[in-house]
Amino acid sequence: MTRGLEIDCDELVEVVTDYLEGTLDADTRRRFAEHLELCDGCDAYVEQMRETVRVTGTLAEDDLRPDMRDKLLAAFRGWKAGTTPSP
Amino acid sequence: MEVRQSTPAGSAPGSADARLVQALRDGDESTFTELVERLTPTMLAVAVGYVPSRTVAEEVVQETWLAVLTGLDRFEGRSSLRTWVFGILLNVARSRGVRERRSVPFSSAFPEDETGPTVDPGRFRPQGDEWPGHWATPPRQWALPEPALLSREVRTRLRAALDVLPPRQRTVVHLRDAQGLDADEVCALLGIEPGNQRVLLHRGRAKLRQVLEDYMDEARA
């Protein structure tokens, strides 16, 4: 009875990113998918990697310090004042 | 198969960028502010890997934005606007790194090529067990809320974990997952091979997942 268990869990967790990126070869991909169907732990792990990507995607806009934003805005205004073409 | 949201469905690639560039040329401040807020945290995180201090990294980011503005006429739309901005950032950061006597070719400079498992081996059954290599302590399903409802604490912890990733992992995770660039763009920007990019991404993501798991487990306790 080896169906779905041709990859051990500790091997599967190391190729999750290759799986999500779509770069596994066809045979490994099949074994990966078969394992997932039978293994709640690995199923949870793969889902958590997806969630991690999703949550990381919400971080992009966090935490720009106001003084940094002000400096950049001042630079923008300076650039605009120096280069605004006359209509 | 994962499909990332790099281009909104239905819009011709580049047309949104063309509108952004035109708005910037017209001096539209809100467009600039929006772009700055979306890209600057990643730009800082990337720049920090090339120069000796946070202060210098901030200068690199400022210099980059000025170069973006003064170079708008050279943006040809062959890459996305974001990729173009990060390309300029990397040029500025590299040359600044050289000037600061810290020349760091991305592909080789950081002694961080860890090997070994990304999940604690103690979580798997040992050799000699009936099922060696299978979960002894499997992760439990999460019930995370929608991104807008995520607690400040979870985001703060994840950001802190992202900030302490080794520089190459941090750069790749930032560009791929925080900014949503695709693998090809990131490989081209950083001059690395696809396989190397995936390893860095995998190791970084695995650490962030563990931080979230720890948080969820504490929340249950």
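Axes are lines fitted to C-alpha atoms, for helices over the stretch in contact, and angles run from 0 to 180 degrees between N-to-C directions. Two packed helices are described by the angle between their axes and the distance between the axes.

This is a predicted model, in which local features need pLDDT of at least 70, side-chain atom pairs count only at pLDDT 80 or more, and totals for chains, interfaces and linings use all residues. Residues are numbered from 1 along each chain as its sequence is written, and chains are lettered from A and ligands numbered from 1 in the order in which they are written.

Start with confidence. The model scores ipTM 0.86 and pTM 0.85. The predictor's confidence in each residue is its pLDDT, from 0 to 100. For chain A the average is 87, and 85% of the residues score at least 70. Helices (H or I, at least four residues) and strands (E, at least two) are DSSP runs, numbered from the N terminus. Among the elements of chain A, helix H2 (residues 16-21) has the highest mean pLDDT, 98. Helix H5 (residues 66-83) of chain A has the lowest, 89. Chain B has a mean pLDDT of 86, with 88% of its residues at 70 or more. Residues 1-11 of chain B fall below 50; beyond near neighbours in sequence, this stretch has ten contacts in the model. Two residues are in contact if their C-beta atoms, placed from the backbone, lie within 7 Å.

Now the interface between the chains. Here 42 residues of chain A are in contact with 52 residues of chain B. On the chain A side, helix H1 (9-12), H2, helix H4 (40-56) and H5 each give two or more residues. H4(A) gives the largest share, twelve residues. By class, this side of chain A has 17 nonpolar, ten polar and 15 charged residues. Ala, Val, Leu, Ile, Met, Phe, Trp, Tyr, Cys and Pro count as nonpolar, Asp, Glu, Lys and Arg as charged, and the others, Gly among them, as polar.

Chain B is divided into domain 1 (15-99) and domain 2 (121-220). These bounds come from an automatic or database domain assignment. The centres of the two domains of chain B, taken over C-alpha atoms, are 27 Å apart. Nine residues from domain 1 and ten residues from domain 2 make the contact. On the domain 1 side, helix H2 (29-47) and H4 of chain B each give two or more residues. H4(B) supplies the largest share of that side, five residues. The domain 1 side has four nonpolar, four polar and one charged residues.

Next, the helix pairs of chain B. How do helix H3 (residues 54-70) and helix H4 (residues 81-99) of chain B cross, and at what angle? Their axes come within 9 Å and cross at roughly 135 degrees. H3(B) and H4(B) are therefore oblique to each other. Their crossing is right-handed. A crossing is left-handed if the near helix is turned anticlockwise from the far one by less than a right angle, and right-handed if clockwise. From H3(B), Val56(B), Val60(B), Glu63(B), Thr64(B), Ala67(B) and Val68(B) meet Val85(B), Ile88(B), Leu89(B), Val92(B), Ala93(B) and Arg96(B) in H4(B). This contact has nine nonpolar, one polar and two charged residues.

H4(B) also packs on H2(B). The axes of H2(B) and H4(B) come within 10 Å and cross at roughly 30 degrees. That makes H2(B) roughly parallel to H4(B). This crossing is right-handed. Leu39(B), Met43(B), Val46(B) and Ala47(B) in H2(B) meet Arg82(B), Val85(B), Leu89(B) and Ala93(B) in H4(B). Seven of these residues are nonpolar, none polar and one charged.

H2(B) has another partner, helix H6 (residues 167-178) of chain B. The two helices pack at an angle of about 160 degrees, with their axes 9 Å apart. That makes H2(B) roughly antiparallel to H6(B). H2(B) passes H6(B) in a left-handed crossing. Thr42(B), Ala45(B) and Val46(B) in H2(B) meet Arg170(B), Thr171(B), His174(B), Leu175(B) and Ala178(B) in H6(B). This contact divides into four nonpolar, three polar and one charged residues.

Methods:
Parallel < 35°, antiparallel > 145°, perpendicular 65-115°, else oblique.
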